[in-house]
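Me: I have a structure open and want to learn how to read it. Can we go through it feature by feature?

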Amino acid sequence: MSVNLQTPIDYLKGVGPNRADLLRSELGIKTYQDLLNLFPNRYIDRTRYYKINELHRNNAEVQVIGTIIGFREVAQKRGKRLVADFKDNTGMMELVWFRGQKWIRESLKIGKPYVIFGRTNWFNGRYSMPHPEIELQSEQDSNLRSAMQAIYPSTEKLSNKGITNKVVSKIMQQLFLETKGAFFETLPKETINDLKLLSKSEALLNVHFPKSPELLARAQFRLKYEELFYIQLQLILKNLIHKSKIKGLKFNKVGTYFNTFFKDHLPFELTNAQKRVLKEIRADLGSNAQMSRLLQGDVGSGKTIVAFMSMLMGLDNDFQCCLMAPTEILSVQHYNGLLELCKPLNIKISLLTGSTKTSKRKKIHENLENGNLQILVGTHALLEDKVKFQNLGLAIIDEQHRFGVAQRKKLWDKTSVQILKNDDENSSSNSASYASSKKIVPPHILVMTATPIPRTLAMSVYGDLDISVIDELPAGRKAIKTVHRYDSNRLKVFKFMKDEIAKGRQIYVVYPLIQESEHMDYKDLMDGYESIVREFPQPNYQISIVHGKMKPADKEFEMQRFVKGETQIMVATTVIEVGVNVPNASVMVIESAERFGLSQLHQLRGRVGRGAEQSYCILMTSHKLGENSKTRLETMVRSSDGFEIAEVDLKLRGPGDIMGTQQSGVLNLRIADVVKDKDILQEARYQAKKILGTDPALSLPQHQAILNTYREMSKYKNIWNYIS
Ligand code: ADP
Ligand code: MG
């Protein structure tokens, strides 16, 4: 092939320097390759021509053939508009331009047959088409035509500067002319045959100039497959490289801590899923590679005990461990829970949060550095520079969705630097060379999340992490009964609450506080609190309240009253969303439930159903509900499966709102869509795994195409700078 696809776009005939600049700045198109990868947003049927007397007032996109019989300028509030009277043998309509009038006026000719395309308006008793696509009929006949016309992504600036869809389409044609439409095949023959894919050249031609709807569909499939395949290939390769390159701290033995706990102190029988996940973690920790593992498990599936037992593996090998949680309340809760588990084993554990007193804090810093402290639990406070471990072996992050990727990285950096330092001290002979070779031994990292990310998305977002899933709840859990009630039924709900309290149960009432500063929300909360205080008067009833404007100590005090059973009702904002564990609480009332997202609702519901009693979740809403809200509420009532709920959530919101996706390449997909094309994604991942499984270096002749493409991609692209 004579034309190199890395040729700057300026060299393409029809793209002068001005257009090249615009294409670069507006669409990021720098090379022939980039233009080729500008995939259409949609296609329109250009086989049908309308007569003017066939137009309807439905604002549809139509194509009409006719001639311009004259131009008029019409003054309007600001400036003027250019109007062309356009006629065919059935009637008259107007073409209207608000911008670029001079250029239009000079380039369009009166009396010549034109094909116009665009949306029509009904205005002043006539049809008009603002800013139509317009070309001479003779020109249209000679073009590389296809039944379906590609509509390309554009920007206002581009269309203002005359780079219309027609122009882009023409440039694209030119590209196919210059390259003769022959492009390197990027997938192995075997894959093409197995999946009956179009060749690269056929696919590109048909995605830009479809010969038929069938060929378009096949072209899109092939290109989506290819895109997802290479992403998966990169992620899997990255993971393989990570495993071979990043040396891990080897936890050789399973020792006294783990064994004693397992034999004598385990409070319950582990579920099979918990056992399986522990084995997976054990295998990681015992290997030479650094663990980077994501542990997904629905609310209440028992991730904490898995975290604790993993830490015991660390302690058995004389390493320190830490557990970081996103909120003060959750850290305290974890600390209290773990403290109980640590007691019989004589393990030294501390809590470090933003409200830890300075004297205490100093002591903790000291004990971390001299190795007296074995487990540190806390919030972001763990990330502060002053916190230095003697030998951190395992860092666990709970409820990952609250932490950004940057924080994960910080934990890594900070601790690895620390370990580097220690090693320097020990190996005085060659410490300089050691440091300069930057051979760092980071701690193992386990990320736990209770907001399951659909598997398909997880593959894209966290494809470089290994994933473990606890897909089983502890035995004996009763399903939580979930109902949707309107505000008008509040009295019945109050009655129900009283009955449950009479049975000895406790109740959460949660208000949305989307932004802790939002005045309205705060007022809702206080109004709600007052009405509950009125409805549930002392001394029969005791009520706690917790919200973001309270001091941590006050929050903690109120939480503890509820945990100890001194109060029956906990009125709260979403601060309780994450991880709080009060087994006796069996009713969760969520106010203005329509304002919560699905994963948040699911999280909140997970606060109940932790004890032996039947639990309930009541979703309160007003009568006014949008479609989206209805779907969310119906999903909650129907399903208790976090993964299923996450799938619905993903469909409703798209991947953009899901944590972690911003940093990954999922949103930069050019043609595929992680939600809609998840089957293709799965197939692509399977194939990529299979190929790398047999040929990790891609050295076999049949994988030459993959190797070449992969190299090209890594050379010209840099979207894969995830952490690690
Ligand atoms: P999550 O995965 O949401 O963090 P937790 O670890 O807080 O869940 O566990 C929820 C509750 O289930 C806790 O009270 C815990 O003690 C209990 N639990 C965990 N594993 C088991 C098990 N295998 N059998 C019985 N109860 C369990
Ligand atoms: Mg938890």
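Reply: We will take sheets, then helices, then the ligand, then the backbone. Keep in mind that this is a predicted model.

Me: Start with sheets. What is the general idea?

Reply: Strands of a sheet pair through backbone hydrogen bonds, either parallel or antiparallel. Now a case. One open sheet has 6 strands, ordered β17-β22-β21-β18-β20-β19, and the pairing is parallel.

Me: Show me one pair inside it. How many bridges join β18 and β21?

Reply: Strand β18 (residues 506–510) pairs with strand β21 (residues 585–590) over 5 bridges, in the parallel sense.

Me: In what sense do β6 and β7 run?

Reply: They run antiparallel, with 3 bridges joining β6 to strand β7 (residues 126–130). Within that pair, F123 has R126 of β7 as its bridge partner.

Me: Now helices. How do I describe two that pack?

Reply: Two packed helices are described by the angle between their axes and the distance between the axes. Take α22 and helix α23 (residues 642–653): the angle is about 175 degrees and the axes are 10 Å apart. That makes α22 roughly antiparallel to α23.

Me: Which residues make the contact?

Reply: From α22 come N628, T631, R632, T635, M636 and R638. From α23 come E644, I645, V648 and L652. By type, the contact residues divide into 4 nonpolar, 3 polar and 3 charged.

Me: Which strands does α22 lie across?

Reply: Helix α22 (residues 627–638) lies across β17 and β22 (616–621). Against β17, α22 runs at about 145 degrees.

Me: On to the ligand. Which residues come nearest to ligand 1?

Reply: List the surrounding residues, then check polar atom pairs. There are 16 residues around ligand 1, and E269, G300, K303, T304 and R477 come nearest. A backbone N or O atom of G300 lies 2.6 Å from an oxygen atom of the ligand. For G302, a polar backbone atom is 3.1 Å from a ligand oxygen. K303 uses its side chain: an N or O atom there is 2.7 Å from an oxygen atom of ligand 1.

Me: Last, the backbone. Where is there a cis peptide bond?

Reply: Check omega. Between Q538 and P539 omega is about 0 degrees, and the peptide bond is cis. P539 sits in the loop between α19 (519–535) and β19.

Me: Which residue has a positive phi although it is not a glycine?

Reply: That is D318, with phi of about 65 degrees. D318 is in the loop between α12 (303–316) and β11 (320–324).

Note on methods. Residues numbered from 1 in each chain as written. Chains lettered and ligands numbered in written order. Predicted model: local features only at pLDDT ≥ 70, side-chain atom pairs only at ≥ 80, totals over all residues. Heavy atoms only, no water. Pairing = 2+ DSSP bridges. Helix = DSSP H or I, 4+ residues; strand = E, 2+ residues; numbered from the N terminus. Contact = heavy atoms within 4.5 Å. Axes fitted to C-alpha atoms, helices over the stretch in contact; angles between N-to-C directions. Parallel < 35°, antiparallel > 145°, perpendicular 65-115°, else oblique. Nonpolar A, V, L, I, M, F, W, Y, C, P; charged D, E, K, R; others polar. Near = heavy atom within 4 Å. Polar contact = N/O pair within 3.5 Å; in protein donor to acceptor, adjacent residues only side chain to side chain.
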